[in-house]
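Subject: Structure handover

Hello,

Please find the structure below. My notes on what was found in it follow.

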Amino acid sequence: MNKTDQTTPTSKRNRSKSAILLLAVSALCVGLGEIVARKLPKNYYEWKHRYMFISEGVNTNKTFTDGTSAQWYKPNSAINWHVFYGYPGQKAKAEYSIWSTTNNIGLVQSRDFSPSKKSIAVFGDSFTEPQATTPWFYGLENDWETNPQSSHTQLLNFGYQGTGIGRWDQISKNLSEKLNIKKAIYVVIGQDFARLNRGGWNDQDLQCLSDSKKCRKHYYQSIAGNKQSEEELTDRASSLINKRHRTLDKRLRYGLCGKSELIRQISSVIGNPCFDGKPPTQYQKDLKQAVGHGLAHFRDHIDMYGKENVGLVWIPERNEAATGQISPISKKVLNVANNLLPNGHVTKCDLNSEDYYEKDGHQNERGSNKIYKCTSQILSQITSQASK
């Protein structure tokens, strides 16, 4: 036997030990990376894996005199929002479940609209509605009742999920006279001014929202009146996970993403494999032109109501709150608002990462309380002159 043959067993043992050591070190590094990743701020949303349920028969479309339409709630409705998250191979998990009510003109608030009173419009999106917590607007209404001006002036909540300046412009131009709107507060995230849409629900979505039996793979799902239990909705959401991820590629990719915060954090920077090649906050860079058009509508509103009668509350999106970095579109919104409105009529609401849900991009109850306080501050500012 030659020398090479004599040393082969030893070489094999050394290589085996090296391979085992390499695997051990690699596993340790991955484990440590996972621990670190879970402590990092979440610079991404998981909306692709969100499953949304809302009470059956509460949504409708409102048509305005100019021929446009907008998504709306039916008057005097009780609304249940139930939202789940889940990845392939997982059972859906509830993120939040809340109830709200609409008044006699379909706005999420406790007080009915009175045609004999002047109105202060509070424009907003799902943060203002709000979609994910007990409506903070109820508290704002209660506080307003102690103000002497409440005898002749009322608050109107025009917050509605997924909407922005396009819808607010419709309301201002079509309903300001009818609803006697004299002042306006805008409770906004930066991208609200890029939401220029002036259309209501499409027919297929509205059919699903009106009748849960007609829902298939719709992003929104309606809840039948006798099918609201946590168990039933969890089963429906889990079934939708399978329907949304039928291919093996999606099941493997998103299944892996669902198990590892490290992979989700890496993907939030490079896009793959969890976000289909596009970083989840890329949209903030893509909306600059649309925000410019939206701010032009905002200028028109300031001219319509008068700058002394307009206030703005800016809310950071979750990634902005988590990183402390304000996006370019939010900076643009704040710059325009500060230049056009009087001192004290613009406030930055200081939500931080703890004010949002774990997976969802919306505020939790603590965050809602902050938004309520910020809006109350601006309400006092724009009504103080009238009380003197």
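Predicted model: local features only at pLDDT ≥ 70, side-chain atom pairs only at ≥ 80, totals over all residues.

Residues are numbered from 1 along each chain as its sequence is written, and side-chain values use heavy atoms, with hydrogens and water left out.

Disulfides

The search of the whole structure gives three disulfides. One joins Cys208 to Cys215, with an S to S distance of 1.9 Å. The torsion about the S-S bond of Cys208 and Cys215 is about 95 degrees, so this disulfide is right-handed. Both Cys208 and Cys215 are buried, where buried means under 20% relative accessible area, exposed over 50% and partly exposed in between (1.4 Å probe, protein chains only).

Cys257 and Cys274 form another disulfide, their sulfur atoms 2.0 Å apart. With -100 degrees about the S-S bond, the link of Cys257 and Cys274 is left-handed. Cys257 is in helix H6 (residues 248-259) and Cys274 in the loop between helix H7 (261-270) and helix H8 (283-286), 17 residues apart. Helices (H or I, at least four residues) and strands (E, at least two) are DSSP runs, numbered from the N terminus. Cys257 and Cys274 are both buried.

The sulfur atoms of Cys349 and Cys374 are 2.1 Å apart in a further disulfide. This link of Cys349 and Cys374 is right-handed, with 100 degrees about the S-S bond. It connects the loop between E11 and H12, where Cys349 lies, to Cys374 in helix H12, 25 residues apart. Both Cys349 and Cys374 are buried.

Salt bridges

There are 17 salt bridges in the whole structure, each being a side-chain nitrogen of Lys or Arg within 4 Å of a carboxyl oxygen of Asp or Glu. Glu46 takes part in a salt bridge with Lys42 (3.0 Å, N to O). Glu46 also forms a salt bridge with Lys359, the closest N and O atoms being 3.4 Å apart. Glu46 is buried, with a relative accessible area of 1%, and Lys359 is buried at 19%.

Asp360 forms a salt bridge with Arg50, with 3.2 Å between the closest N and O atoms. Asp360 lies in the loop between E11 and H12 and Arg50 in strand E1, so the pair ties together parts that are 310 residues apart in sequence. Asp360 and Arg50 are both buried. Elsewhere, salt bridges link Lys48, Asp249, Arg253 and Asp276 in a network.

Aromatic rings

The whole structure holds 18 aromatic pairs. Rings of Phe, Tyr and Trp (its six-membered ring) pair if their centres lie within 6.5 Å; planes under 30 degrees apart count as stacked, over 60 as edge-to-face and the rest as tilted. The ring centres of Tyr73 and Tyr160 are 4.6 Å apart and their planes are at 40 degrees, so the pair is tilted. Tyr73 is buried at 1% relative accessibility, and Tyr160 is buried at 1% as well.

One aromatic cluster is formed by Phe64, Trp72, Phe123, Phe158, Trp168, Tyr186, Phe193 and Phe298. Lys62 lies over the face of Trp72, at 5.2 Å from the ring centre. A charge sits over a ring if NZ of Lys or CZ of Arg is within 6 Å of the ring centre and within 35 degrees of the ring normal. The charged end of Arg253 likewise sits over the ring of Tyr254, 4.7 Å from its centre.

Nonpolar cores

The largest nonpolar core has 35 residues, and those with the most contacts inside it are Phe123, Phe158, Tyr186, Phe193, Phe298 and Leu312. Such a core is a set of buried Ala, Val, Leu, Ile, Met, Phe, Trp, Tyr and Cys residues joined through side-chain atoms within 4.5 Å. A second, separate core of 23 residues includes Trp136, Val187, Cys374 and Leu379.

Regards

Conventions:
Disulfide = S-S within 2.5 Å.
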